[in-house]
Amino acid sequence: MIRLSRIAAAVAVAFTVFGFTSAGAQEAPPKEFRIGFQKAGLPVITRQQKLIETALAPQGVNVKWVEFAAGPPLLEALNAGAVDVGWTGDAPPIFAQAAGANLVYVAALPSNGAGEGILVPADSPIKSVADLKGKKVGVTKGSSAHNLLVAALERAGVPFSDITPVYLSPADAAAAFASGKIDAWSIWDPFFAIAELRQQPRVLTTTKDELNVNTYFLANKTFANAHPSTVVKAEEALKQSAAWANANKPEVAKVLSEVTGVDIAAQTRAADRQVFGVFPLTDAVIAGQQQTADRFAKLGLIPRAIVVKDAVWVRPQS
C-alpha cells in the first residue's frame, strides 16, 4: 500500500512538472497563428482593433493575417494548413467538406443578408429572377453568392441548368458586368455596394429575401484540436469586436475603408445593412447548413452528399 502511494505521488508530481492533466497533455501555444480573411466584415474590424493579438500576446503567439479574394481559395489554404482559421459564407465549407477538406466549423455569424444580391444593369430587360432563364450569370463558384443564385432560381421555378453560370472571381465578374459580358451578377459586399454606386444596377433579389443562412468561423481541424484555447480566444475576440461594431456603424465604415482601400461611400452602405455577431452552432444552424449542402448535392454541384454535423468542431472538455 505504501509502495503504491509513493508511485501515485510520483506520478502526480510528474504530471504537475511536465504539464499534464487527466484530460491529456497540456496545450502548448503555437508560435504563429495565421488568420485567413476577406476584405469585408467582422474580421477586418477585429484585425484593426488588434483584439486577437492582445488576447494571445501573453502566450507569445505571433498573429499573421492572410488576405483572400473569396471564400473558396481561403478554404483551400485552410485545408492545406497554410492558414489556421478563417471566415467564409455558407457555401465554401460545403464544397470543401465534399472534397474531403481538413476543416471544422467553430461558430456561426449572421448571413450577408441585404448585402448580397443578384444584380442586372439598370436598362436590362430582365425584371425578375425568372427572367434569368437562358442568360449568362456571373458568380464565384462555391461562394455564398452561388448558393443565393441556386436558391433564388429554385424558388422562381427555373432549373439551374436553364442558365449559363459564368464562374469568375469578384474582380473579374465586376469587369464583366460593367462591360456587358454577363447579363446578371450574384455578389456580396463590398463588391455589391461598389457596383451599386458606380453603375446603379437593379437588384433582383438578396440573400435576406431568399435564404435563412449563416456565415462561419472555421478552423483547420488538426490545428483546432492541437490548440483549442487559441481558437477559443480568437472567437472571444470576435465577439468583442461584433458588440462594438453593432453599436458603431459609422466608425465601422471608416475602419473598413481605411483597411481595405474601398471607397468610404461603398463601405458606409455595406456597414449600414450588415449585422454583426458570433453564435453557437445550434441544431437549427446546422440543419440550415445541411439544407444548403443537400441542395448542392441534388444539383450535382458537389461530388458527393455530406453530413454537415460531421465537420462541427467537438471542443475539448475543460
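Residues are numbered from 1 along each chain as its sequence is written. In this predicted model, local features need pLDDT of at least 70, side-chain atom pairs count only at pLDDT 80 or more, and totals for chains, interfaces and linings use all residues; side-chain values use heavy atoms, with hydrogens and water left out.

The protein chain holds 14 helices and twelve strands. Helices (H or I, at least four residues) and strands (E, at least two) are DSSP runs, numbered from the N terminus. The C-alpha trace spans about 90 × 40 × 30 Å along its principal axes. Of the 318 residues, 50% are buried, that is, under 20% relative accessible area with a 1.4 Å probe, protein chains only.

Five strands form an open sheet with mixed pairing, in the order β4-β3-β5-β12-β6. Strands pair if DSSP finds at least two bridges between them. Neighbouring strands are turned by 20° against each other on average, direction ignored. Axes here are lines fitted to C-alpha atoms, for helices over the stretch in contact, and angles run from 0 to 180 degrees between N-to-C directions. Strands β3 (residues 32-37) and β5 (residues 85-88) run parallel and are joined by two bridges. I35 stands opposite V85 in β5.

Two helices pack on this sheet. Helix α4 (residues 71-80) touches β3, β5, β6 and β12 (214-220). Its direction makes about 160° with that of β5. Helix α5 (residues 91-98) touches β5, β6 and β12. The direction of α5 makes about 165° with that of β6.

Helix α2 covers residues 41-49. Its buried residues include G41, L42, P43, V44, I45 and T46. K50 follows α2 and has a positive phi, near 55°.

F276 lies in the loop between α13 (264-272) and α14 (283-298). F276 is buried, with a relative accessible area of 4%. Not counting residues up to four places away in sequence, F276 touches G41, L42, I45, P110, A242, A245, N246, K249 and V252. F276 and G41 are 235 residues apart in sequence. Their C-alpha atoms are 8.1 Å apart in space.

Conventions: Contact = heavy atoms within 4.5 Å.
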